[in-house]
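Colleague: I'd like to learn how to read strands and salt bridges in a model. Can we go through one together?

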Amino acid sequence: MKSRTPSDALPPLGDDDAPPVDAAPRSRFAWCITGSGHFLDESMALAARLPACDLFLSAAGEEVLAIYKMPFEELKPRFRVFRDKTASGVPVGMLYDDVYHTVVLAPATSNTVAKCAFGFSDTLPTNMFAQAGKLGIPGIVFACDTEPVVVTKSPHDWVTLRPRRIELDNVDRLRDIDFCHVVCSPAELEAALDARLKELALAWTSP
């Protein structure tokens with residue numbers, strides 16, 4: 001028997017958020033956007049190829065999408081978009097309504113990785129990750145700071161970052177979290193998604 005939080009016990013979504021969807025049980029991907037631009041273009045390209053994929057934006061994620069010329073209004077024709085506008089994380093209730101089979105955080109900032117690794121859930125993406133794990137729903141996290149030297153694209157240029165030991169340690173901690181698969185590159189993210197699609201007997205919507 002599935003765990004449920006009755007939808008009528010939750011406050012309504014905002015007028016500009018996607019309405020609840022009548023979907024087959026666990027039939028959709030939940031893709032969470034945090035405040036990182038690291039391989040954001042590549043991540044969004046993969047999200048666009050998935051069948052039945054919804055976006056969940058943190059407040060920082062919404063800002064970063066606009067900075068990288070991907071305002072959420074332009075994403076609505078392809079995705080159902082949920083924003084981080086409620087203190088209780090209202091959209092998270094759809095996990096308890098069995099709408100989603102997989103939660104993806106990509107790309108995930110070092111801040112988000114740290115919160116997920118230590119069990120904090122004070123943004124929409126971290127709340128989605130925590131509640132998915134409690135429900136046994138697999139999570140895929142594309143962590144940004146995974147190597148001693150990381151080359152990433154800023155809004156204006158490529159930059160070289162040197163993650164601190166604490167960031168690298170938090171990635172290792174995250175790997176030990178139940179129902180969590182950590183990936184470190186767009187290629188690993190695509191491979192993890194491909195494996196998940198095969199587990200679900202699904203296919204990419206485009207090559």
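Predicted model: local features only at pLDDT ≥ 70, side-chain atom pairs only at ≥ 80, totals over all residues.

Modeller: Residues are numbered from 1 along each chain as its sequence is written, and side-chain values use heavy atoms, with hydrogens and water left out.

Colleague: Which way do the residues of strand 2 point?

Modeller: In a regular strand, side chains alternate between the two faces of the sheet. Here Cys53, Leu55 and Leu57 point one way, Asp54 and Phe56 the other. All are buried (under 20% relative accessible area; over 50% is exposed, in between is partly exposed, with a 1.4 Å probe and protein chains only). Strands are DSSP runs of E, at least two residues, and helices are runs of H or I, at least four, numbered from the N terminus.

Colleague: In which sense do strand 1 and strand 2 pair?

Modeller: Pairing needs at least two DSSP bridges between two strands. Strand 1 (residues 28-33) and strand 2 pair in the parallel sense over five bridges, with Phe56 as the bridge partner of Cys32.

Colleague: What do the side chains of Asp54 and Arg28 form?

Modeller: Side chains of opposite charge can pair when their charged atoms come close. Asp54 and Arg28 meet in a salt bridge at 2.6 Å, N to O (a side-chain nitrogen of Lys or Arg within 4 Å of a carboxyl oxygen of Asp or Glu). Asp54 sits in strand 2 and Arg28 in strand 1, 26 residues apart, and both are buried.
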